[in-house]
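Biologist: Before I plan around this model, I would like a close look at a single part of it. Please take me through the strands of chain A and the spaces in the structure, with a word on confidence.

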Amino acid sequence: MDIKVQVRASDHDAYVVELGGEIDVYTSPKVKDAIMELIDRGHYNLVINLEKVRYIDSTGLGVLIGALKRVREHGGTVNLVCTNPQIKKIFDITGLVKIFGIYDNEQDAKKALA
Amino acid sequence: MNVPARSEALVGTVDLRIPSEPEWVAVARLAVSAIANRLPFSVEEIEDVKLAVAEACTTCIQDSPGEHFIDITCDVAERSLRIRVRDHAFERSEAARPRAVAFSEGLGVFIIQALMDDVEYNVDPKSGTELVMTKRVGS
């Protein structure tokens, strides 16, 4: 099983976390570490790109919810990029579509941070 | 454990035992996906089954740290798949009640209930926890 985590700086102090592979109970700690490290360094506006994620479960959702909670304490936000219908369905049934900004591409997700 | 009666005849049963460790959940997911693929499920239905099984295994691992294994039984019928996921946390009977509450309220179980057609679980202090879930073709 694989998970790829790539972090890169974007415009206006925003950071993009690009994830690829499968996010489950085994791999989600790696994702959590990468995101929490960014937040600990004072970056509170994040785009998390799930375009290359094939699978996510409740532990992965828990990481995203935890990140959103942390950045909101500092006036920041987390926007997601996701077009995979199966993953969007999980956000739908859990009601997380109402909590996260979910965009079809990275450009729109970054624009919405501003 | 109480196993609900089936209305369809079984065409096969597959048993799988995995170590109760996070790195093995993917194995359960892929094995059950391969079994579901033998039925006329859509791709989306197979994805639902995969996620439901993974959530059940994850719940076992998170709620019962230190247990050695998880048993997964797949009862295959012509147009339905019933999956039983059992852990064996019977040594901590005093913990059974809080575990039952946690089990019913977790996000994982919420997802399972949304994706599968029938879901029930039994917490037995003598034999552990069993989640029984069924997916029917085209439902």
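Modeller: What follows goes through the strands, then the cavity, then a pocket, and ends with the confidence values. Please keep in mind throughout that this is a predicted model.

Another right-handed β-α-β unit is made by strand 3, helix 2 (residues 58-72) and strand 4, all of chain A.

The structure holds one cavity of 30 Å³ or more, and about 60 Å³ of space lies in the largest cavity. Its lining is made up of Arg54(A), Tyr55(A), Ile56(A), Gln86(A), Ile87(A) and Ile90(A), along with Glu47(B) and Leu51(B) from chain B. Two or more of these lining residues come from each of strand 3 of chain A, helix 3 (85-93) of chain A and helix 2 (43-63) of chain B. By class, the lining of this cavity divides into five nonpolar residues, one polar and two charged.

The second largest pocket is described next, and about 150 Å³ of space lies in it. Among the residues that line this pocket are Ser10(A), Asp11(A), His12(A) and Ala14(A), and also Asn45(A), Leu113(A) and Ala114(A). Helix 4 (residues 106-111) of chain A gives the largest share of the lining, three residues, and the lining includes Gln107(A), Lys110(A) and Lys111(A). Sorted by class, the lining of the second largest pocket has three nonpolar, four polar and three charged residues.

As for confidence, the predictor gives the complex an ipTM of 0.90 and a pTM of 0.88. Chain B, which supplies Glu47(B) and Leu51(B) to the cavity lining, has a mean pLDDT of 85, with 81% of its residues at 70 or more. Over residues 1-5 of chain B, however, the pLDDT is below 50, although this stretch has 15 contacts in the model beyond near neighbours in sequence.

Terms used. Residues numbered from 1 in each chain as written. Chains lettered and ligands numbered in written order. Predicted model: local features only at pLDDT ≥ 70, side-chain atom pairs only at ≥ 80, totals over all residues. Heavy atoms only, no water. 1 Å grid on protein atoms, 1.4 Å probe; cavity = no way out; pocket = protein on both sides within 12 Å on 5 of 7 lines; lining within 4 Å. Points joined across faces, edges and corners; volume = space filled by probe spheres on them. Helix = DSSP H or I, 4+ residues; strand = E, 2+ residues; numbered from the N terminus. Nonpolar A, V, L, I, M, F, W, Y, C, P; charged D, E, K, R; others polar. Right-handed = clockwise from strand over helix to strand, strands pointing away. pLDDT = per-residue confidence, 0-100. Contact = heavy atoms within 4.5 Å.
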